[in-house]
Structure formats: C-alpha cells, structure tokens
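The sequence and structure come next.

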Amino acid sequence: MPPEESSASQDVPAKINLPRTSESESLKKIRHTASHVMAMAVQKLFPKAQVTIGPWIENGFYYDFDNPEPFTEKDLKTIQKEMVKIVNRKLPVIREEVSREEAESRIKAINEPYKLEILEDLQEPITIYHLGDQWWDLCAGPHVENTSELNPKAFELESVAGAYWRGDETKAQLQRIYATAWESPEQLAEYKRRKEEALRRDHRKLGKELGLFIFADQVGPGLPLWTPKGTVLRSVLEDFLKQEQLKRGYQQVVTPHIARVDLFKTSGHWQKYKEDMFPMMAEDEQAAAMEQGFALKPMNCPFHIQIYKSQLRSYRELPMRLAEFGTVYRYEQSGELGGLTRVRGFTVDDSHLFVTPEQLESEFLNVVDLILSVFKSLQLKNFKARLSFRDPNSDKYIGSDEAWEKAQGAIRRAVETLGMNYFEGIGEAAFYGPKLDFIFSDALEREWQLGTVQVDYNLPERFDLEYVAADGSRQRPVMIHRAPFGSLERLIGILIEEYAGDFPLWLAPVQARLLTVSDDQLPFAQEVVNQMLRCGIRAEVDTSGEHLKKQIRNGEKEKIPVMAVVGAKEVEANSLSIRLRTSGKPTQELGAMPVSEVIERIKDAKLNYGSF
C-alpha cells in the first residue's frame, strides 16, 4: 500500500455505532446490571437511601432513590468509584425465583416499603437478582452473569433530577440518578462527544442567541412566542409548502381553535384522547356536569370533515384536498415539555383528502411524493419509513377489523410500489387509523418523527360522510390525513439543530446584511438594501456604528448567510465585497461583485432552494 494511501486511511476515524438499548440485547444486560451495581453502591455509601425502580432507557439507565439528603455532583463521583470497586470484585449475578410470600417476607426484613408496592404489581413467577451475596432487588432481567463483564471505563453517572414516586405529584419526591453504560470506552467517548455536540446545537440555546423565539413564565410552559425573525422563518416554511400544495390541487381553509365537545365525541377524541386535551370550558356547573361546553382542538380533522359535509358532494369533486396550517392544543405534562420539540400549542401543516376507494392508492402515492419533495428541499436525507399499525390486543382503537385491514393493506401496497425501505411499528397507529410515519435521524443520529400519512375508514363512518357515485348511489369516501412537516414547531427545532443555526440562504430570516466601513457609505448601503427588499430579499444594513471587524464578528455569530462589505471603492464601482457563509463551512471571501449580480444570485438561490 502506498504511504499516502495509508496516511489517508488513518485520517478517517472508524464510525462508532451507538445502538439504543432496545436494539441491543448485550446493552440491555449491561445497563440492567449496571443499574443494580449503582443501587448497591448508593446503599453502601448512604445506608438510609431506599431504592424504588431502576429501568434501562435508550441511552443508559436510571434509579430512583428516597434519600434524606440531596445527592451532589461530588456524591456522583464517589458513587461511581464505589461502582468500580463492586465491578472489580467479580460478583456473580444470580437469578432466583421465589413465591410472593417469600419475597414479601424478605422485603419486610430489610424495611423497603417501596419494594412492597412494586411487588403488588408483579405477576408470578417473582424473580430476584443477587449481586453475589451482598445485595439483591426485584427484577425481571436480563443481566450479565458476572459484574466483571462490565467495563469500569465504559460507564458514567451523568446527573441527578427530581422525580415523584409513580409519577404522581401527590406522592413522595425522589431523587433520580441518570447514568450511561456501554460495551467499550470508545463507545462512551463517542456518546459524550455527541452529547457535547448536542449542547452546541441545542435549539433552545441557538433559538435564543439567534432571536427566533422565547418562552415566558406569565404565558405558560410549552407555549412559545415567536419573535420577528422567528416569524419570518415560520412564514417562509409555510409559504414554501403552500406553493407546493397549490401545484398539487390543494385548497386552503381556516378553522376555529375551539369547538363544542360534541364534535370531539363524534370523532372519538373525547373518549380516546380526553386526558391529552385541555379541560372543557363550560358556562356553569350544570353544563359542566352534562359535558355541554367547548374544548380547545387537539386535531384539525373534525373541522375539515364539517367543511366536506356542508353539502352533498359528487364523485366529480373528488379527490377533495383541504389544507390548513392549523394550531392545535394538547395538555402535555410539564415534565414532558422540551423546547420546541414538545409543546402544548403547535401548528400542524394539516391536510385531509376525501377520496373514492378507487382513488386511495394513487392519492396516497402523490402524498408520499410531496413529502419526499419537501424533505429534499429541506436537505433532510437520513430518514426511514415506519408502518404504524394497530396492536390487535389493545382496546384504544375505534372501527372494525375489516376497516383496519383495508387501511393497513393500502399503506403496505403503497410503500412496496415505491420500493421504500420500511419497518413496522405495531401499536403506533392513531386510534382511528394506521399511518406511514417518516422517522428522521439528525446529525447526532437521534430519531424524530416528521412527516406522516394516515389512511382512515373510521371517521367517514362516524360522521356519516357520503358522495354521489357515477351510478347515482350514495357511497362512503375514504380519508387521508397528512402532514409533511408534522408540527411546525418541532420541525423548526430540528432544523435549528440539524443546521446548527446556519440556515440555507433561502430559509434564513436575514439573507443579506450590508456592513459599512464608515457612516459615509450608509446612504449607498441603504439604497442597495431597498433594491433587495423590492426583489423579495430579506436584507438589512448594520447601523450599530461598530468598527468593521466587530460588524463581521456579529454577522458570523448571528449566522447571516451573505455579508457584503461596503467601502468607498464599492460605492464608486456600484459593487459589494461578499463574505459568504455556508452551513458547516468556514466563511468565504468572494471579493467584489456588481450589485446587480449579487441580487440575481440571491434571487436564484431563493427560487431553487439553493446556495449563493
């Protein structure tokens, strides 16, 4: 092998795979066992600490403790050192089956009341896992066979958080220690690198730095407020999708934010989704008792159904494609909220297609084509398709088995026709119909659900929807629910992190900023900006009065795609000296260009969703 080829191969680090716990039986055993080792260490160092539950999570594990004193960062380091000692003692991990009575007796002997509550919910056989003869806990497993199988350099305690017993705010406040464990130190190092990169890209931090959105205590958690720049970003995304929809025969509608509870009873949301809805608004106690009132909408579909149903439709009118950027409200628990990715009020790029059974598959394919086109323009490439079907053993769904089989069959045939890679998610269906969900993996290989398409035979039945067929008979349409973006808030949060705040030029809230060497160039710079504004370019002049180097630093910090320096030479030549930012790349100095050329290049980039 030539020396230069060897050197090049050494420069490219091997990609380190970080599977989720659910994807790796080996990691599941490691993390289950590591959680027990951590609990044993805690109880040795803090004898008054009582253990509750300690499950694995996708990137590690946690254990909840009832301890009189709060754990500190220093305590975590001490606990981790004790864990290493336990691992190095090479304790066998022993599984034991016991009767309920025996388990209860042993728990009472060590005075662990939380374990008694856990025992009440367990079905036989009751299994206990021992770490040698030193420590034990109720657990279903799986575990490694010996603590020596844990690599002491491949686990780390991460943080402490508060948690309520059983997730109930009326019960005891516990302390939750989060930790991670891997098969190798290299995996741990890569995990920590990704965590650091996630902090750098965190949309909550970048959103504040870039002035896109805020949250206000007086407004309430999970209810973002969009600043002028953030509103521009939302509007650009909305306009982009509206134009794509217009080309494909969609009709825009607008519906209210509230409706009578009866509407949601007919749709099934009140019966199946009530706990995720905000409380009903009633005029008095009697109305409240009779459930006669209004509710904030959790979905847009029942409203679009009313528009369809407002007159008898002919088969000639179908497919009817109604679209709306509709804001919905869901009463997420405060502990589940997270920046823009989990909020209580969010806007869905919702559309509902009313089609004949014969039109279903072709319309479904057209929707998927739209979603793929949207992803391409947004430069979102790393995604997979999930067939979100119902769990036949669950009672959370509405409708007949026949309707579900037809809907699921239509989705499966569509993805097979497209030759898409897909996997099945049993139990991931909406309560009224199966879905095709697009699961996007971001730059840190975290997964997010974005676009979705749903086939629904049930709501047309519940609302008694009809159309007049070619033979004059009354027939039932099929509904397709679809949202290429999903939640606009979640999409923006994901885009901020995917681009690390460096939006492509067509999407950037400010596309060009002119920087002047002195105040003498301000009139020229303002006239150029006015030309740009008339051409639909989002441009501005830096009027801060700072020296040029500071203006450039500010522009780079705010991630402005095109910065144009204006000095005396540029005024004389009617030109701009361009400094260009492209996502993920260092700033480029392109030198002087005529003003007209700069404007045309920015217009072209906007039109084609491209770069300068």
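The crossing of H13 and H14 is right-handed. The model is a predicted one. Helix H13 covers residues 360–377 and helix H14 residues 401–418; their axes come within 10 Å and cross at roughly 55 degrees.

On the H13 side, the contact uses Leu-360, Glu-361, Phe-364, Leu-365 and Val-368. These meet Ala-410, Ile-411, Arg-413, Ala-414, Thr-417 and Leu-418 in H14. By class, the contact of H13 with H14 has eight nonpolar, one polar and two charged residues.

H13 also packs with helix H8, residues 228–247: the two axes come within 11 Å and cross at roughly 145 degrees. The crossing of H8 and H13 is right-handed. From H8, the contact draws on Phe-240, Leu-241, Glu-244 and Gln-245. From H13, it draws on Leu-370, Ser-373, Val-374 and Ser-377. The residues of this contact of H8 with H13 divide into four nonpolar, three polar and one charged.

| Helix pair | Axes come within | Crossing angle |
|---|---|---|
| H13 and H14 | 10 Å | roughly 55 degrees |
| H8 and H13 | 11 Å | roughly 145 degrees |

Next comes a sheet. Three strands form an open sheet in the order S4-S5-S6, with antiparallel pairing. Strand S4 (93–98) and strand S6 (135–138) are the edges, and each pairs on one side only. Neighbouring strands of this sheet are turned by 25 degrees against each other on average, direction ignored. S4 and strand S5 (residues 126–131) run antiparallel and are joined by six bridges. Glu-96 stands opposite Ile-128 in S5.

Which helix lies across S4, S5 and S6? Helix H2, residues 25–45, does, and H2 runs at about 125 degrees to S6.

One further residue, Ala-592, is found in strand S28, which spans residues 588–594. Is Ala-592 buried or exposed? Its relative accessibility is 56%, so Ala-592 counts as exposed. The cut-off for exposed is over 50%. Leaving aside neighbours within four places in sequence, Ala-592 is in contact with Ser-575, Leu-576 and Ser-577. Ser-577 is 15 residues from Ala-592 along the chain, yet their C-alpha atoms are separated by 4.0 Å.

Note on methods. Residues numbered from 1 in each chain as written. Predicted model: local features only at pLDDT ≥ 70, side-chain atom pairs only at ≥ 80, totals over all residues. Heavy atoms only, no water. Axes fitted to C-alpha atoms, helices over the stretch in contact; angles between N-to-C directions. Helix = DSSP H or I, 4+ residues; strand = E, 2+ residues; numbered from the N terminus. Left-handed = near helix turned anticlockwise from the far one by under 90°. Contact = heavy atoms within 4.5 Å. Nonpolar A, V, L, I, M, F, W, Y, C, P; charged D, E, K, R; others polar. Pairing = 2+ DSSP bridges. Buried < 20%, exposed > 50% of the residue type's maximum accessible area, 1.4 Å probe, protein only.
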